[in-house]
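Q: Could you take me through some of the terms used for this protein, setting each value against its definition?

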Amino acid sequence: MSEGMETIRRALEPDAGLFERIVSADAAWEGKIFSVEHQRVELSDGSLDWREVVLHHGGAGVVAAIDGRVCLVRQYRVALGRMTLEIPAGKVDPSEPRDVCAARELTEETGLVAERLELLTESYGAPGFTNEHTSVYFAHGLTQGEASLDEGEFLNVVWVPVEDALAAIRAGLIDDAKTVSGILAAKVFGLL
């Protein structure tokens, strides 16, 4: 193991000086996709504080590329009030393996079928307030099938040259966390 990796592993070890202990947790809201808890926490100095935490089943996404172009889906995101370009992705159903979710979402949204998925990266989009965990895969051996969007899901498939996608990330035009981390990981690992 490299010295840098050892430093990273040590930095991620538990630290009593930074630990927060949950004293109590009350369900504040339950929804179809996530729930919210109000948590009373004891800080490392013994004082008490509050946290609001969004609990989420997580998701999975896929970086799919053919001939130097990456497959993105264009959709309106009401939370942002605008259009986004994202990798095909969706929420993991309870007890569903993440790679199965990724393959399902890729086909549902784009009609693409992958021979094999390779795990690229794992991410937490906003760990300051949510445990939402996303697994991002790279699709190998793509063939085109039929898309089959979920009820109430509207999107367009857009094929973007990899270099343009990277430039759009740098310019802040592609700013979805799973998409940014997935495309950058695929580029760093030599898959794009």
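Q: Why does F34 count as partly exposed?
A: The relative accessibility of F34 is 33%, and partly exposed lies between buried (under 20% relative accessible area) and exposed (over 50%), with a 1.4 Å probe and protein chains only, so F34 counts as partly exposed. This is a predicted model, in which local features need pLDDT of at least 70 and side-chain atom pairs count only at pLDDT 80 or more, while totals for chains, interfaces and linings use all residues. Residues are numbered from 1 along each chain as its sequence is written, and side-chain values use heavy atoms, leaving out hydrogens and water.

Q: What makes W29 partly exposed?
A: W29 has 44% relative accessibility, and therefore counts as partly exposed.

Q: How many aromatic pairs does a search of the whole structure find, and why is the pair of W29 and F34 called tilted?
A: The search finds 1 aromatic pair. Rings of Phe, Tyr and Trp (its six-membered ring) pair if their centres lie within 6.5 Å, and planes under 30 degrees apart count as stacked, over 60 as edge-to-face and the rest as tilted. The ring centres of W29 and F34 are 5.3 Å apart and their planes stand at 50°, so this pair is tilted.

Q: Which residues have the most contacts inside the largest nonpolar core?
A: They are V63, V70, L72, L120, A165, I174 and I183, in a core of 18 residues; a nonpolar core is a set of buried Ala, Val, Leu, Ile, Met, Phe, Trp, Tyr and Cys residues joined through side-chain atoms within 4.5 Å.
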